Each structure stands twice: as structure tokens, then as C-alpha cells.
Amino acid sequence: MTLEEAGNELNIDLEKALDRVVNRTSLYIHLLKSFVDDSYMNQARQAVGCRDYDAVIETIHSMKGSAASLGIGSISAVCHNMVTALRQQEYEKTAELFAKVEEEYTAVKAVIVQLEE
């Protein structure tokens, strides 16, 4: 899959995203692939499982920022919703919101892993 195809599928403004990395396409692809290496999701799953809401907020907030920097608005949006709810101590929504984060992450990862270097 080309970067343009992935950008279209994920609704990424590639011009803006590539501008952030001084139009270094290979660097941007590397950053995308690093984003979906599961480190954020593994940390978040562990924190959710332990009901460590401060750690969940910190991890999901970091994930939101990284996704936004890469132009992946879909993940950024669901992460924002989860962080907002947890900051308002709406802990009963954790499972539902995290399921949405996982679903979006999985969909994005499925596209990114197909990118040609």
C-alpha cells in the first residue's frame, strides 16, 4: 500500500503531516509504523486492568498527542473522549471508551502495517 492510499483510507492530511517532518516520507512512514508497535496499547491495557486511572489518562493522552501529530484524527478523537471522561472521574465509562480506542487503533494499524517502505 502506498502512503497516499493509506492517507486516503485513514483520512490523513498528508501535506500537513509531511510538512511536520520536513517532507521526509521515509521518516513519516517510520513514525507511523512506530506508532502502531503496540507499546501504547500494552501500557493502556495494563493500566485499565489495574484500574490505575492516572496511568490510563497519561498513556491515552500521550497516544492522543502522537496520533494528532501524525495526522491520525480518528485515534486522536477517541483518545480525547476517553481522557475527558476520566478527568471528570467518569470511571464507569472506562471499558466502553477503551473498547472504542482499541477498535480504532486496530483499524488504523491494519492499514499502516501494509505501508511500503
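The model is predicted: local features need pLDDT of at least 70, side-chain atom pairs count only at pLDDT 80 or more, and totals for chains, interfaces and linings use all residues. Residues are numbered from 1 along each chain as its sequence is written, and side-chain values use heavy atoms, with hydrogens and water left out. The chain contains seven helices and zero strands, in the order α-α-α-α-α-α-α from the N terminus. Its radius of gyration is 14 Å, close to the 13 Å that the globule rule gives for 117 residues, so the chain is as compact as a globular protein of that length.

**Terms for the fold**

- Helices (H or I, at least four residues) and strands (E, at least two) are DSSP runs, numbered from the N terminus.
- The radius of gyration is taken over C-alpha atoms, and the globule rule is 2.2 Å times the number of residues to the power 0.38.

**Overall dimensions, surface and charge**

- The C-alpha trace spans about 40 × 20 × 20 Å along its principal axes.
- Of the 117 residues, 39% count as buried (buried is under 20% relative accessible area, exposed is over 50%, and partly exposed is in between, with a 1.4 Å probe and protein chains only).
- Among contacts with a separation of 6 or more, 63% come from residues 24 or more positions apart (a contact means heavy atoms within 4.5 Å).
- The accessible surface is about 6600 Å², and carbon and sulfur atoms contribute 45% of that area (Shrake-Rupley method, 1.4 Å probe; for residues, only the protein chains shown count as cover).
- There are 11 positive and 19 negative side chains, and the centres of the two sets lie 4 Å apart.
- For that count, Lys and Arg are positive and Asp and Glu negative, while His and the chain ends are not counted; each charge is placed at NZ of Lys, CZ of Arg, CG of Asp or CD of Glu.

**Aromatic pairs**

- The structure holds three aromatic pairs (rings of Phe, Tyr and Trp, the last by its six-membered ring, pair if their centres lie within 6.5 Å; planes under 30 degrees apart count as stacked, over 60 as edge-to-face and the rest as tilted).
- Phe35 and Tyr40 form a tilted pair, at 5.8 Å centre to centre and with 55° between the planes.
- Phe35 is buried at a relative accessible area of 4%, and Tyr40 also counts as buried, at 19%.
- The rings of Tyr53 and Tyr91 are stacked, because their centres are 4.0 Å apart and their planes are at 15°.
- This pair links distant parts of the chain, 38 residues apart: Tyr53 belongs to helix 5, and Tyr91 to the loop between helix 6 (73-87) and helix 7 (94-112).
- Tyr91 is partly exposed, with a relative accessible area of 30%.
- Phe35, Tyr40 and Tyr105 are joined into a cluster by ring pairs.

- Thr59 lies in helix 5 (residues 53-70) and is buried, with a relative accessible area of 9%.
- Beyond its neighbours within four places in sequence, Thr59 is in contact with Tyr40, Gln43 and Ala44.
- Ser62, which is in helix 5, is partly exposed at 34% relative accessible area.
- The C-alpha atoms of Ser62 and Tyr40 are 8.2 Å apart in space, and the two residues are 22 residues apart in sequence.
- Ser76 belongs to helix 6 and is buried, with a relative accessible area of 14%.
- Apart from its neighbours within four places in sequence, Ser76 is in contact with Lys64, Ala67 and Ala68.
- Ile112, in helix 7, is buried with a relative accessible area of 0%.
- Ile112 and Leu14 are 98 residues apart in sequence, and their C-alpha atoms are 14 Å apart in space.

**Positive phi values in loops**

- Most residues other than glycine have a negative phi.
- Val22 has a positive phi, near 55°; Val22 is in the loop between helix 2 (14-20) and helix 3 (25-35) and is exposed, with a relative accessible area of 65%.
- Arg51 likewise has a positive phi, near 55°; Arg51 is in the loop between helix 4 (39-50) and helix 5 and is exposed at 63% relative accessible area.
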